Amino acid sequence: MKIAIDFDGTLIDSGELICRATQKLWGREIRPEFLFCHGLVEVLGISQEQVNQVLKEAFCNVYSYKFVPGANLGLFLLDQMGLEIIIDTKRPFNGVKKWLELYNLEKIRVIYLNNEPMERVDYLIDDYPSKIVELLPFVSKQAFLLTQPWNRGCMNIGKNFIKVNSWKDFLKELGIKYE
């Protein structure tokens with residue numbers, strides 16, 4: 001079986017990175033729960049160019065990337081179960097592979113969706129509802145939305161995915177015991 005895992009917001013805690021970058025660049029302390037939607041222009045009230053500066057600052061140091069709670073054990077368990085793991089991202093940075101190397105996860109492949117086509121997978125987990133809907137044609141079994149502050153308002157009226165509140169819940173949906 002093959003599973004695609006989004007990088008920022010699903011595997012690494014991008015909310016925390018964005019909050020730290022905003023503090024550094026704008027002197028304004030915010031918490032991840034303030035990120036009420038995926039569009040940072042709307043959340044922060046700044047231009048797209050300024051958002052790009054925040055993102056560049058947020059993702060400039062792979063050593064500052066932290067796992068979303070439970071994701072590190074989740075990756076280990078998925079690997080132990082023999083699943084083929086793919087990281088998919090639309091972020092235009094090369095830090096993903098470097099970060100994987102830091103954690104001895106080099107065997108995990110990365111698909112940069114801005115430059116490469118998505119592959120067929122059995123399962124997909126992401127934190128961005130519109131990206132899930134875009135990738136649904138490549139998912140043979142089930143897609144999952146990892147709940148984050150910026151997607152809590154998603155109503156999922158098309159029943160395109162299952163919402164999970166944590167990596168533990170996600171693994172439970174896959175029938176994998178998480179301890």
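K159 is exposed, with a relative accessible area of 71%. This value, like those that follow, comes from a predicted model. K159 sits in the loop between β5 and β6. Its phi is positive, about 50 degrees, although K159 is not a glycine. The loop between β5 and β6 (162–164) also holds Q148. Q148 counts as buried, because its relative accessibility is 14% and the cut-off for buried is under 20%. Beyond its neighbours within four places in sequence, Q148 is in contact with G9, V68 and D127.

The sheet comes next. Strands of a sheet pair through backbone hydrogen bonds, either parallel or antiparallel. Here, six strands form an open sheet, and the pairing is parallel. The strand order is β3-β2-β1-β4-β5-β6. β3 and β6 stand at the edges. Each has a single partner strand, so one side of each is left without a neighbour in the sheet. On average, neighbouring strands of this sheet are turned by 25 degrees against each other, with direction ignored.

Strand β4 spans residues 121–126. It is mostly covered: six of its six residues are buried. Strand β1 (residues 2–6) is joined to β4 by three bridges, and the two run parallel. I3 has Y123 as its bridge partner in β4. β4 also pairs with strand β5 (residues 139–146), in the parallel sense and over five bridges. In this pairing, L124 stands opposite A143 in β5. From β4 the chain crosses through helix α6 (residues 129–135) to β5. This β-α-β crossover is right-handed.

β2 and β3 form another parallel pair, joined by four bridges. D88 has I111 as its bridge partner in β3. Helix α5 lies across β2 and β3. The helix runs at about 165 degrees to β3. Four residues of α5 are listed as buried: G95, V96, W99 and L100. They lie on the same side of α5, because they cover an arc of only 140 degrees around the axis. The cover over these buried residues includes β2 (84–89) and β3.

After α5 comes N104, with a positive phi near 55 degrees. N104 is a residue other than glycine. It belongs to the loop between α5 and β3. N104 counts as exposed, because its relative accessibility is 63% and the cut-off for exposed is over 50%. I108 lies in the loop between α5 (95–102) and β3 (109–112). I108 counts as buried, because its relative accessibility is 9%. Leaving aside neighbours within four places in sequence, I108 is in contact with L75, I85, I86, I87 and L100. I108 and I132 are 24 residues apart along the chain. Their C-alpha atoms are separated by 20 Å.

Helix α4 covers residues 71–80. Its buried residues are A71, G74, L75, L77 and L78. They line one face of the helix, because they fall within an arc of 165 degrees when seen down the axis of α4. These buried residues pack against β1, β2 and α7 (167–173). α4 is followed by G82. The phi of G82 is positive, near 85 degrees.

Two other helices pack together. They are α1 (residues 14–26) and α3 (residues 48–58). Their axes are 8 Å apart, at an angle of about 115 degrees. α1 passes α3 in a right-handed crossing. On the α1 side, the contact is made by L17, I18, A21, T22, K24, L25 and W26. On the α3 side, Q50, Q53, V54, L55, E57 and A58 take part.

Key. Residues numbered from 1 in each chain as written. Predicted model: local features only at pLDDT ≥ 70, side-chain atom pairs only at ≥ 80, totals over all residues. Heavy atoms only, no water. Buried < 20%, exposed > 50% of the residue type's maximum accessible area, 1.4 Å probe, protein only. Contact = heavy atoms within 4.5 Å. Pairing = 2+ DSSP bridges. Right-handed = clockwise from strand over helix to strand, strands pointing away. Arc of directions from axis to C-beta. Axes fitted to C-alpha atoms, helices over the stretch in contact; angles between N-to-C directions. Left-handed = near helix turned anticlockwise from the far one by under 90°.
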